[in-house]
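Hi there,

Here is the structure I promised to pass on to you. Please open it alongside this email, and then read on for what turned up in it.

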Amino acid sequence: MNPFVVYEIRKYIDFDVDSVMKEPKVERIRNGRSTSGRIGTDWLYLKREAKKKGYSLTRLSLKLGHTDSYLYSCKYEGGLYEEVMIQIGEILDIDYHNLIKVTSYEKWNLRHEIVDMVKGQEFPDLAKDTDISNMYQGTSPYWCRLKELMLGEVSNRLNQIGDYELAEKFKPDIFSFTQEDVMKCANIKHLPTDWKHFAFACMKKYDLPPFSD
């Protein structure tokens with residue numbers, strides 16, 4: 001079922017969306033013919049970043065150790081494998097997570113989560129001159145504190161001690177994006193979608209901007 005339909009049904013029947021929307025089982029077959037395990041890729045972003053570093057998709061394919069048509073075939077097959085994204089990130093000196101194409105459903109879901117959390121105001125335009133990505137980046141006190149709170153809840157959930165209410169609710173994927181990845185993350189906008197949801201909830205729970213008085 002289309003996920004949009006699920007949300008429409010919830011307007012009339014009260015139920016837990018997560019209980020009916022399941023992730024499909026994905027098996028990676030490393031034979032070059034299967035699309036299993038491939039990740040949807042933002043090809044426009046990849047081409048733009050590659051061009052900045054003097055690469056065409058053909059030249060980048062060769063740099064990756066494949067045939068000159070490798071990336072074009074990946075585009076046809078549905079996307080890149082994660083390890084290839086990591087390689088490209090290293091070659092182009094970019095965060096490989098930015099290569100992941102955010103689906104329209106993820107954008108819609110994230111937008112509505114944010115709208116609910118900021119008292120009906122569209123994020124990030126909460127107020128004039130409010131810029132979340134500038135507020136939560138680098139070594140800023142807010143960004144350091146937010147990461148400390150998120151990782152504290154995740155650690156508590158793993159050890160089943162203390163307060164981990166939000167970590168239990170949002171369940172950020174600590175295997176595809178680890179606690180160490182969070183520590184190294186330079187800007188909140190670079191977090192994967194599931195970690196972003198968790199981050200916004202932590203801002204609200206622990207009274208951080210834009211939720212602080």
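Let me begin with helix H12, where a run of residues is buried: Trp195, Lys196, His197, Phe198, Ala199, Phe200, Ala201, Cys202 and Met203. Do keep in mind as you look around that this is a predicted model.

With 13 residues at 1.5 Å a residue, H12 should span 18 Å, and its end C-alpha atoms lie 19 Å apart, so the two values agree. Just after H12 comes Asp207, which takes a positive phi of about 60°.

Which helix does H12 pack against? One partner is helix H9, residues 141-159, and the two axes are 10 Å apart at an angle of about 105°. An angle from 65 to 115 degrees counts as roughly perpendicular, so that is how H9 and H12 sit relative to each other. On the H9 side, the contact is made by Leu146, Met150, Leu151, Glu153 and Val154. H12 contributes Trp195, Phe198, Ala199, Cys202, Met203 and Lys205. Several of these H12 residues are in the buried set as well, including Trp195, Phe198 and Cys202.

Is Asp194 buried or partly exposed? Its relative accessible area is 25%, so Asp194 counts as partly exposed; the cut-off for buried is under 20%. Once its neighbours within four places in sequence are set aside, Asp194 is in contact with Pro172 and Asp173. Phe177 is 17 residues away from Asp194 in sequence, and their C-alpha atoms are 9.7 Å apart in space.

Now for the chain as a whole. The protein chain has twelve helices and zero strands, which gives the pattern α-α-α-α-α-α-α-α-α-α-α-α when read along the sequence. It has 213 residues, of which 35% count as buried. The protein chain exposes about 13,200 Å², with carbon and sulfur atoms supplying 52% of that area. Among contacts between residues at least 6 apart in sequence, 60% join residues at least 24 apart.

Two loop residues also deserve a look. Most residues other than glycine have a negative phi. Asp93 is not a glycine, yet it has a positive phi of about 60°. You will find Asp93 in the loop between helix H6 (82-92) and helix H7 (104-117), and it counts as exposed because its relative accessibility is 66%. Gln160 is not a glycine either, and its phi is positive at about 55°. The loop that holds Gln160 runs between H9 and helix H10 (165-170). At 52% relative accessibility, Gln160 counts as exposed too.

Finally, a word on the cysteines. How many disulfides does the model have? The count comes to zero, where a pair of cysteine sulfur atoms would have to be within 2.5 Å. Cys74 is buried, with a relative accessible area of 1%. Cys185 is buried as well, at 6%, and Cys202 is among the buried residues of H12.

Happy browsing, and do write back with any questions.

Best wishes

Conventions: Residues numbered from 1 in each chain as written. Predicted model: local features only at pLDDT ≥ 70, side-chain atom pairs only at ≥ 80, totals over all residues. Heavy atoms only, no water. Buried < 20%, exposed > 50% of the residue type's maximum accessible area, 1.4 Å probe, protein only. Contact = heavy atoms within 4.5 Å. Helix = DSSP H or I, 4+ residues; strand = E, 2+ residues; numbered from the N terminus. Expected span 1.5 Å × (residues − 1). Areas by Shrake-Rupley, 256 points an atom, 1.4 Å probe, with all protein chains shown as cover. Axes fitted to C-alpha atoms, helices over the stretch in contact; angles between N-to-C directions. Parallel < 35°, antiparallel > 145°, perpendicular 65-115°, else oblique.
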